[in-house]
Amino acid sequence: PATPLTPAQQAQLAQAQAALGAGQLTQARALFEELIAQNYAQPEPHFGLGLTLLAQGKLKEAAFEFTQLRALAPDRYEAPYNLGVIATREGRFSDALRLYGEAATLAQGKAGVATERQVLEALATEQTRAGDFAGLSSTLARIVALDPNDTDALFRLAQARTLAGQGAAALPQVYTVLQRQPARVDAAL
């Protein structure tokens, strides 16, 4: 178990996060690394350092930090999500698909709506690339559940269901899109 951060370490973590947010990557990296040296079992500095290294384009080092985050906090979606980002950048699309799927499971109901949607969109991209239209239908249904007023997501769901051989199941979404946007030619087709 991780030793709680001391007040001084919490202040340093806040300073490191602020430096990362301001794009001061060298300073952020030094601060996160110092925190890790002081309290290795704390997951938050590993997460911050991973983001910093990712921003610096150091994918191998970032992957190491996200792997450490995953080991220290297996219930957090951030590790598999960012490992998925790295896998996508490296062209390892099947790994990215698996990692985004894991992140989506972990984020469900725990992350904010915008964050959960971001994870689901990444998963949907990889499912599209893989031609997994049944999986894509499920992912897009979750996106629509998060934002029922998103007509584009509703249309994408209808497309995915059609491509998955579930044309009849796609009809309610198509008609909803046409009710909201009667002139939308792609939905009419």
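Me: Leaving aside neighbours within four places in sequence, which residues are in contact with glutamate 116?
Reply: Contact here means heavy atoms within 4.5 Å. Once the neighbours within four places in sequence are left aside, the residues in contact with glutamate 116 are Ala107, Gln108, Gly109, Ala111, Arg142 and Leu146.

Me: What kind of model is this, and how are its residues numbered?
Reply: This is a predicted model, in which local features need pLDDT of at least 70 and side-chain atom pairs count only at pLDDT 80 or more, while totals for chains, interfaces and linings use all residues. Side-chain values use heavy atoms, with hydrogens and water left out, and residues are numbered along each chain as its sequence is written, from 1.

Me: Is glutamate 116 buried or exposed?
Reply: Glutamate 116 is found in helix 7, where helices are DSSP runs (H or I, at least four residues) numbered from the N terminus. Buried means under 20% relative accessible area, exposed over 50%, and partly exposed in between, with a 1.4 Å probe and protein chains only. Because its relative accessibility is 8%, glutamate 116 counts as buried.

Me: With which residue does glutamate 116 form a salt bridge?
Reply: Side chains of opposite charge can pair when their charged atoms come close. A salt bridge is a side-chain nitrogen of Lys or Arg within 4 Å of a carboxyl oxygen of Asp or Glu. For glutamate 116 the closest N and O atoms are 3.5 Å apart, and the partner is arginine 142.

Me: How many residues apart are glutamate 116 and arginine 142?
Reply: Arginine 142 counts as partly exposed, at 21% relative accessibility. The pair links distant parts of the chain, with glutamate 116 in helix 7 (residues 113-130) and arginine 142 in helix 8 (residues 133-146), and their separation is 26 residues.

Me: Which residues are linked with Arg117 in a network of salt bridges?
Reply: The side chains of arginine 117 and aspartate 147 meet in a salt bridge, at 3.9 Å from N to O. This pair links helix 7, which holds arginine 117, with the loop between helix 8 and helix 9 (151-163), which holds aspartate 147, across 30 residues. The network links Arg117 with Glu121, Asp147, Asp150 and Arg156.

Me: How many salt bridges does a search of the whole structure find?
Reply: One of them is the pair of glutamate 102 and arginine 70, whose side chains meet at 2.3 Å, N to O. For the whole structure, the search finds a total of 15.

Me: At what angle do helix 1 and helix 2 pack?
Reply: Two packed helices are described by the angle between their axes and the distance between the axes. Axes are lines fitted to C-alpha atoms, for helices over the stretch in contact, and angles run from 0 to 180 degrees between N-to-C directions. Helix 1 (residues 7-21) and helix 2 (residues 25-38) have their axes 8 Å apart, and they pack at an angle of about 150 degrees.

Me: Why is helix 1 called roughly antiparallel to helix 2?
Reply: Angles under 35 degrees count as roughly parallel, over 145 as roughly antiparallel, 65 to 115 as roughly perpendicular and the rest as oblique. The packing angle is about 150 degrees, which means that helix 1 is, relative to helix 2, roughly antiparallel.

Definitions and conventions
Helices (H or I, at least four residues) and strands (E, at least two) are DSSP runs, numbered from the N terminus.
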